[in-house]
Amino acid sequence: MDQVARATPGISALTLDVDSPESNKDFVATVTANFPALNVLVNNAGIMKMEMLGQESDTTVAEAMITTNILGPVRLTAALLPHLKSNRKLPY
């Protein structure tokens with residue numbers, strides 16, 4: 001992604017650990033400070049791990065997928081929503 005950003009004017013690459021609420025907070029602060037006109041968010045993170053149901057004694061794999069695939073996008077959307085709404089151009 002960094003290579004694409006360097007080669008393409010107007011594109012920036014930032015790193016976010018979607019599993020970490022602390023990383024999320026820092027990411028939102030950086031994004032809103034550096035891109036005050038931001039008005040769209042594309043959540044595109046996810047993992048898929050093999051689960052051997054009935055063969056594992058814990059729920060580690062399932063919890064990791066839920067944290068990354070569901071909680072990560074929900075947290076980021078919730079954190080950025082006030083900023084995104086302040087920049088909306090549509091009447092709804």
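**View 1. Ile66 and a nonpolar patch on the surface of a predicted model.** Ile66 is partly exposed, with a relative accessible area of 44%; partly exposed lies between buried (under 20%) and exposed (over 50%), found with a 1.4 Å probe and the protein chains only. The residue belongs to helix H3, which spans residues 60-86. Together with Ile70, Leu71 and Val74, Ile66 forms a nonpolar patch with about 340 Å² of accessible area. Accessible areas come from the Shrake-Rupley method with a 1.4 Å probe, and for residues only the protein chains shown count as cover.

In this predicted model, local features need pLDDT of at least 70 and side-chain atom pairs pLDDT 80 or more, while totals for chains, interfaces and linings use all residues. Residues are numbered from 1 along each chain as its sequence is written, and side-chain values use heavy atoms, without hydrogens and water.

**View 2. Asn24 in helix H2.** Is Asn24 buried or exposed? Asn24 is buried, because its relative accessible area is 8%. Leaving out residues up to four places away in sequence, Asn24 touches Leu16, Arg75, Leu76 and Ala79; a contact means heavy atoms within 4.5 Å.

**View 3. His83 in helix H3.** His83 has 16% relative accessibility and therefore counts as buried. Beyond the residues up to four places away in sequence, the contacts of His83 are Thr32, Phe35, Pro36 and Leu38.

**View 4. The largest pocket.** Its volume is about 680 Å³, the space filled by probe spheres set on grid points joined across faces, edges and corners. Of the 22 lining residues, Ser12, Leu14, Phe27, Leu41 and Val42 are the closest to the centre. Helices H2 (21-34) and H3 are the elements that give two or more residues to the lining, and H3 gives the most, with four. A pocket is an open set of points on a 1 Å grid over the protein atoms alone, where a 1.4 Å probe fits, with protein on both sides within 12 Å along at least five of seven lines; lining residues have an atom within 4 Å of a point.

**View 5. The chain as a whole.** The chain has three helices and zero strands; helices are DSSP runs (H or I) of at least four residues, strands (E) of at least two, numbered from the N terminus. Of its 92 residues, 18% count as buried.

Key. Patch = residues over 30% accessible without salt bridge, like charges linked within 9 Å, V, L, I, M, F, W, Y side chains within 5 Å. Salt bridge = Lys/Arg side-chain N within 4 Å of Asp/Glu carboxyl O.
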